[in-house]
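Me: I am new to reading protein models. Could you take me through one, feature by feature?

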Amino acid sequence: MGSLGGEEGARPAAAAEGARRPRFLCLHGFRTSGEIMRKQVVGKWPADVTARLDLVFADAPFPAEGKSDVQGIFDPPYYEWFQFDKNFTEYRNFDECLNYIEELMIKEGPFDGLMGFSQGSILSGALPGLQEQGLALTRVPKIKYLIIIGGAKFQSPTVAEKAYANNIKCPSVHFLGDTDFLKTHGEKLIESYVDPFIIRHPKGHTVPRLDEKSLEIMLRFLDKIEKETALEHSSTDVDEKEMYL
């Protein structure tokens with residue numbers, strides 16, 4: 001697991017002046033790893049984006065129980081967040097997964113948001129709602145921002161009725177691939193969010209490179225969350241100073 005922003009020379013003025021970058025816990029895809037996701041994201045996205053984020057790439061708790069789709073492309077080890085049946089309606093080790101993520105956030109946090117791809121994005125997209133219901137992440141600060149890549153809704157009615165009970169208001173950006181096998185499910189997930197940023201790309205189930213239009217949308221999302229983070233940081237500083245007056 002490691003924290004990584006971007007190339008030092010490419011940092012924007014706000015970061016160069018010492019402003020705190022929004023910190024994201026990054027949840028990788030099924031049977032991959034934190035290191036693989038780091039390569040997928042940092043290897044494809046420009047420093048204009050990665051330098052403005054404090055990214056922590058974590059490994060899932062369970063070693064892969066079967067062959068990884070990225071075998072031969074990325075080196076092992078491979079991990080999975082939880083196990084599921086062929087209909088994606090029954091899960092094994094799900095509660096253990098949620099507890100593991102909470103412990104990660106306590107140890108490595110505080111975090112401002114979550115970034116997820118594939119299985120990691122399904123988790124990321126559901127966790128704000130589960131947290132709001134008091135069913136997950138009860139010992140860590142509220143999730144404020146989301147970056148969802150190749151996402152989908154949980155298909156289990158038991159999980160879904162809790163995770164998406166209310167519209168999710170935290171700022172979010174969702175990546176949808178034209179040929180992604182989860183595209184329809186990703187569209188349904190977006191319906192649960194208030195004013196989401198949406199980036200569409202021509203690829204499939206992958207972390208895409210950012211073309212000119214995608215980059216413009218991503219930068220608008222970053223502008224929004226940086227302003228909110230700066231305001232919150234400023235408010236915290238004022239509160240701390242008042243304690244000593």
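Me: What should I know before I start?

Reply: This is a predicted model, where local features need pLDDT of at least 70 and side-chain atom pairs count only at pLDDT 80 or more, while totals for chains, interfaces and linings use all residues. Residues are numbered from 1 along each chain as its sequence is written, and side-chain values use heavy atoms, with hydrogens and water left out.

Me: How many helices and strands does the protein have?

Reply: Helices (H or I, at least four residues) and strands (E, at least two) are DSSP runs, numbered from the N terminus. Here there are eight helices and eleven strands.

Me: What share of the residues is buried?

Reply: Buried means under 20% relative accessible area, exposed means over 50%, and partly exposed lies in between (1.4 Å probe, protein chains only). Of the 245 residues, 49% count as buried.

Me: How do I read contacts along the chain?

Reply: Contact means heavy atoms within 4.5 Å. Take the contacts between residues at least 6 apart in sequence: 76% of them join residues at least 24 apart.

Me: Now a helix. Which residues of α2 are buried?

Reply: They are G34, I36, M37, Q40 and V41. Seen down the axis of α2, they fall within an arc of 155°, so they line one face of the helix. The arc is that of the directions from the helix axis to the C-beta atoms. The cover over these buried residues includes β2 (23-27), β3 and β8 (113-117).

Me: How do I describe two helices that pack?

Reply: For α4 (residues 94-108) and α5 (residues 119-132), the angle is about 80° and the axes are 13 Å apart. That makes α4 roughly perpendicular to α5. The cut-offs are these: under 35 degrees is roughly parallel, over 145 roughly antiparallel, 65 to 115 roughly perpendicular, and the rest oblique. F94, C97, L98 and I101 of α4 make the contact with L123, L127 and L130 of α5.

Me: How many salt bridges are there?

Reply: Side chains of opposite charge can pair when their charged atoms come close. The rule asks for a side-chain nitrogen of Lys or Arg within 4 Å of a carboxyl oxygen of Asp or Glu. The count comes to 14. R20, D112 and K144 are linked in a network of them.

Me: Where do single pairs sit?

Reply: Start with R38 and E35, which meet at 2.8 Å, N to O. Both lie in helix α2 (residues 34-42), three residues apart, about one turn of the helix. R38 is partly exposed at 25% relative accessibility, and E35 is partly exposed at 38%.

Me: Which pair links distant parts of the chain?

Reply: D223 forms a salt bridge with R52, the closest N and O atoms being 2.6 Å apart. D223 is in helix α8 (residues 212-243) and R52 in the loop between α3 (47-50) and β3 (54-58), 171 residues apart. R52 counts as buried at 10% relative accessibility, while D223 is partly exposed at 35%.

Me: Is H201 buried or exposed?

Reply: H201 counts as buried because its relative accessibility is 5%. H201 lies in strand β11 (residues 197-201). Its side chain reaches the backbone nitrogen of K203 at 3.2 Å. Beyond its neighbours within four places in sequence, H201 contacts F175, L176, G177, D178, T206 and P208.

Methods
A polar contact is a pair of N or O atoms within 3.5 Å; within protein, one must be able to donate a hydrogen and the other to accept it, and residues adjacent in sequence count only if both atoms are side-chain atoms. Axes are lines fitted to C-alpha atoms, for helices over the stretch in contact, and angles run from 0 to 180 degrees between N-to-C directions.
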